[in-house]
Amino acid sequence: MKGMHWYYTAMAALGLLHVFVFSLMLRPSVSDEYRDYYITRETTLSPMQRRNLTPIEPGEYFDHHSTAVGFDGWSFAERDHRWSLGSSAKLIFLLEEIQGSEVAQHLVLRFATLGEQTVQIFLNDEPLLERRFDGAGEVELRIPVPDSLLQEGENIVRFDLPDARQPGNGDARILAVALRSFSLS
Amino acid sequence: MRDQSGALSVTCGQIQSRPSVRMLIQENYGLLLLALLVFLLNQGLEYVLLRHAGADYRVLCGWDCGWYTGVVESGYDLQPHAHPRGDAANWAFFPAFPLAAEAIGAVANVSAGAALLMTAKLFFLFSIFAFVKFAQVWAPGVPAWLAAAVVGFQPYAIYGNVGYTESMFLLFTCLAFLALGKGRFVAAGLFGAVLSAVRPVGVLFVVPLLIAGLRRLPTSDLDERGRILLGAMLVPVGLSMFMIFLYQHTGDALAFSHVQIAWDRIPASPVEHLWQGLWGGDPMPQLWAVMSLVALAMVAVLFFKREYELASFSLVATLVPLSTGLLAMPRYLWWQAPLLLLIAQLLNVHFASLRWHGRNGDWSRHEQHGTEAHGVELRVWMLLLPLSLWGSVVMTMAWINGEWFVV
């Protein structure tokens, strides 16, 4: 019975340990960026990539390799472009100061699409454009930016891509837009 | 005398004494020499290949060994920092192996990389011995030399030499199953606890332990039921300690799992990964998918043989890594003790006899009466063991040459 008593004590201690560890699992003490990227996977922009974003200037040109712009919901940079992943993708950029509408009047995007695609573009959740593309070749869009849509700090260009699909060549990714460059002018 | 489970015991009234260390060494002297011989042959082959390639031992510490080097030298990262997205940290690398390497490095006074290689090799030697002992309990028909050869000369034996956890994982899997096979549930739980601090799937040893416990339940007394439950509760202790450390260190007890995103290992259906591997067009993923299917077929064989403990462990130890992708599947598969045991059993199958008959003087596969017959029994290992050795050479050269698929 003495031996059994030892078992029960050990089991009770181990039970408490496992309950404690389980409780730690359920309440991570991490930053929002960490949670969004590592735990909920709501973003594909890692905390370090987000920290490394630097304010951009109108007139600057950013290709698909740029680290100054955050690619959230995009695949890795290929030689000529970067594919969107899934039915929504975002470009995140920082602006230092807003001095009226002369700062930036157009959003300039160069991209191609995977066959026929409907592309809806939003800036800071306000719709800018909805258009259907036939996938015939690369396009350059100059989208007028209404006054007051750009803001100091973080700005988000969101692509909603309802026709995103697998390309059918063995690539399992859900693709729609192959982005080449982005700029404000 | 030996009890029913094969454990050596001396009974005198109610007193049972365990064999002394000296007795254990005397009893296992031959097996220790066998393990040492196979290990030295493996090391000799590696040395020849390194010389042939004009490389030295430093080339062996690559890929994950580099990550373990970071753990030994600087401990666990406070922030992710590596890879193009800056999202990789060394939290994915479990602590038991680098801790052992740190201890060996301190004793031998060598660099972290050298300590990791020495530690892996030491565990490799012990794992050959432990696998033979494990085979003697779970498949007594397998000759000791064949069991040793299956570990030492298999195509993926390279992972026992390169500063990876595979050899430590095999050693503690064998020890845990050895204890389980002898009905020592608390010892099995303790070995399982170490296993759970070696690799994420180590904690899954709780499954075979509980199955073994359930199988013994009808005949077990209250004392044994207590030991079964205690053994099962011991298994996750290694992982729990690591999770507590990670919570203190990063704020996320599951950081070891969440950081897998840096290697694009995102949990999905194993079927999806198999399908993409088989039909994706790239030959290496195709090979790994086929290997995974072979491993699952072997698991089915183990279930069919009613080896539920072995089968359940290999099932979960295959499906868990498979659910995150096919990369590195060969080493996750071919360092699993149950699968290696089944391979040893397969290699031991006798498929033909060649007999020399004195009267008519010819070789024959058939029995002939009235003649004096001499001959040899043909077994599968005679065909496959040389092939396996060739595979081992190919994989070692691939590692030395830095081929991507050895990762």
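Trainee: Why is Arg41(A) called exposed?

Mentor: This is a predicted model, and the label rests on a count. Arg41(A) has 12 other C-beta atoms within 10 Å. Exposed means 12 or fewer. Therefore Arg41(A) is exposed.

Trainee: Where does Arg41(A) lie, and what is its phi?

Mentor: Arg41(A) is in the loop between H2 and H3 of chain A. Its phi is near 55°, a positive value in a residue other than glycine.

Trainee: What makes Asp264(B) exposed?

Mentor: Asp264(B) has 12 other C-beta atoms within 10 Å. The limit for exposed is 12 or fewer, so Asp264(B) counts as exposed. Asp264(B) sits in the loop between helix H11 (255–258) and helix H12 (270–279) of chain B. The phi of Asp264(B) is near 55°, positive in a residue other than glycine.

Trainee: How do you know whether His374(B) is buried or exposed?

Mentor: Count again. His374(B) has 10 C-beta neighbours inside 10 Å. Exposed takes 12 or fewer, so His374(B) counts as exposed. His374(B) lies in strand E5 (residues 373–379) of chain B.

Trainee: Which residues does His374(B) contact, leaving aside neighbours within four places in sequence?

Mentor: Arg355(B) and Trp356(B). Trp356(B) is 18 residues from His374(B) in sequence and 4.9 Å away in space, C-alpha to C-alpha.

Trainee: Why is Ile211(B) called partly exposed?

Mentor: Ile211(B) has 17 other C-beta atoms within 10 Å. Buried needs 20 or more, and exposed needs 12 or fewer. The count of 17 falls in between, so Ile211(B) is partly exposed. Ile211(B) is in helix H8 (residues 206–216) of chain B. Not counting residues up to four places away in sequence, Ile211(B) touches Tyr308(B), Glu309(B) and Ser312(B). Phe123(B) is 88 residues from Ile211(B) in sequence and 28 Å from it in space, C-alpha to C-alpha.

Trainee: And what makes Leu322(B) buried?

Mentor: Leu322(B) has 25 C-beta neighbours inside 10 Å. The cut-off for buried is 20 or more, so Leu322(B) counts as buried. Leu322(B) is found in helix H14 of chain B. Beyond four places in sequence, Leu322(B) touches Pro270(B), His273(B), Ser292(B) and Met329(B).

Trainee: Now the helices. Why are H13(B) and H14(B) called roughly antiparallel?

Mentor: The axes of helix H13 (residues 283–304) and helix H14 (residues 308–322) of chain B cross at roughly 160°. Angles over 145 degrees count as roughly antiparallel. H13(B) and H14(B) are therefore roughly antiparallel to each other. Their axes come within 8 Å, and the crossing is left-handed.

Trainee: Which residues make that contact of H13(B) with H14(B)?

Mentor: Among them are Ser292(B), Ala295(B) and Leu296(B) of H13(B), and Ser314(B), Leu315(B) and Leu322(B) of H14(B). By class, the contact has 10 nonpolar, three polar and no charged residues.

Trainee: Which residues of H2(B) and H3(B) make the contact?

Mentor: H2(B) gives Tyr68(B), Val71(B) and Val72(B). H3(B) gives Phe97(B), Pro98(B), Ala101(B), Glu102(B) and Gly105(B). That contact has six nonpolar, one polar and one charged residues.

Trainee: Which residues touch the most other members of the largest nonpolar core?

Mentor: Ile128(B), Phe131(B), Phe172(B), Cys174(B), Ala176(B) and Val198(B), in a core of 159 residues. Helix H4 (residues 112–138) of chain B gives the most to this core, with 18 residues.

Trainee: Last one. How many residues of chain A are in contact with chain B?

Mentor: 23 residues of chain A are in contact with 28 residues of chain B. H1(A) gives the largest share of the chain A side, 11 residues. That side divides into 16 nonpolar, six polar and one charged.

Technical notes
Residues are numbered from 1 along each chain as its sequence is written. Chains are lettered from A and ligands numbered from 1 in the order in which they are written. This is a predicted model: local features need pLDDT of at least 70, side-chain atom pairs count only at pLDDT 80 or more; totals for chains, interfaces and linings use all residues. Two residues are in contact if their C-beta atoms, placed from the backbone, lie within 7 Å. Helices (H or I, at least four residues) and strands (E, at least two) are DSSP runs, numbered from the N terminus. Ala, Val, Leu, Ile, Met, Phe, Trp, Tyr, Cys and Pro count as nonpolar, Asp, Glu, Lys and Arg as charged, and the others, Gly among them, as polar. A nonpolar core is a set of buried Ala, Val, Leu, Ile, Met, Phe, Trp, Tyr and Cys residues joined through C-beta atoms within 7 Å. Axes are lines fitted to C-alpha atoms, for helices over the stretch in contact, and angles run from 0 to 180 degrees between N-to-C directions. Angles under 35 degrees count as roughly parallel, over 145 as roughly antiparallel, 65 to 115 as roughly perpendicular and the rest as oblique. A crossing is left-handed if the near helix is turned anticlockwise from the far one by less than a right angle, and right-handed if clockwise.
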